[in-house]
Amino acid sequence: MSLAELTLAHWRSLDRAAAGRLAREAAAQAGGRVVLLDTVDHLGAPLHRVRIEREGQEFALIPGGRVRLGFDLEAWVPTAAQIADYEESRAEGYGHELPLKDYLAEVLSPVRTATPATVLMAVQDETLTECPQEMAAVLAARGLRMPSADEWEHACGAGADTLFRWGNECPLEEPSYGGGGGVRHEPNAFGLHIAYDSYATELSGDRAAVHGGDGGEAVCGGYGALLAWLPLATSNRNPSMAEFVYGPEGAGMGEEFSTRPVFSLR
């Protein structure tokens with residue numbers, strides 16, 4: 001089995017020594033070195049986390065294989081606070097005046113299965129240095145690429161089927177942006193700093209999607225607390241924001257967006 005074919009299920013079955021051997025193999029392929037191997041509890045079982053330093057940039061090992069993506073709106077029961085906050089936004093004309101689940105159906109990706117390869121993904125997103133259309137070539141010169149939308153979503157959620165990578169609720173009384181602590185700044189199960197600031201807008205290889213934030217649209221527009229947090233939802237692809245980014249209005253704004261480089265393993 002090649003590293004690219006490593007599945008999340010198999011990775012979770014390994015002991016620490018075996019995980020360390022695969023981590024060193026991945027580091028060797030990338031021309032880097034393992035700087036962290038630890039184990040956390042995730043979804044009721046141990047999960048090894050690997051961090052590899054390559055050319056001054058840290059990457060996390062993201063095991064792939066057949067995984068479930070998207071969000072099951074039929075099974076989700078919003079809290080009373082979420083409903084109340086959204087209804088305030090809806091009364092003011094935000095959310096296109098749709099009921100909450102209908103609105104989410106427009107911005108979240110549907111439940112499905114995918115089979116992403118195991119990759120190394122940058123722990124921290126990086127600001128674009130060229131327009132979005134030119135970034136593939138910029139990254140390729142460094143031996144890297146942009147993630148696919150499915151890869152980004154899998155890396156963020158790490159197998160969790162909840163609305164956000166940490167659960168179904170968000171602290172409505174706290175801001176969805178800026179520095180400081182809080183659940184959004186905690187590393188995710190794979191050790192990524194991801195979906196942490198609604199002012200961020202991460203791009204993938206899919207021009208119909210953006211991830212991890214809305215550029216601050218909901219916050220600046222006063223849309224309401226829940227709508228400000230929803231851009232951090234794992235499967236939020238924000239098609240209207242994607243249309244802006246890749247349309248004429250987004251031209252020349254590359255430095256306002258970021259991406260999360262990927263190193264392909266073999």
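1. Contact here means heavy atoms within 4.5 Å.

2. Please keep in mind that this is a predicted model, in which local features need pLDDT of at least 70, side-chain atom pairs count only at pLDDT 80 or more, and totals for chains, interfaces and linings use all residues. Residues are numbered from 1 along each chain as its sequence is written, and side-chain values use heavy atoms, with hydrogens and water left out.

3. Confidence (pLDDT, the predictor's score for each residue, from 0 to 100) averages 96 over the protein chain, and 100% of the residues reach at least 70. Helix H9 (residues 239–246) has the lowest mean, 93, while strand S6 (residues 119–122) has the highest, 99.

4. You will find 9 helices and 11 strands in the protein chain; these are DSSP runs numbered from the N terminus, helices being H or I with at least four residues and strands E with at least two. The C-alpha trace spans about 55 × 45 × 35 Å along its principal axes.

5. Buried residues, those under 20% relative accessible area (1.4 Å probe, protein chains only), form 52% of the 266 residues.

6. Ala 209 is buried, at 1% relative accessible area. Leaving aside residues up to four places away in sequence, Ala 209 touches Ser 204, Arg 237 and Ala 242.

Note on methods. Buried < 20%, exposed > 50% of the residue type's maximum accessible area, 1.4 Å probe, protein only.
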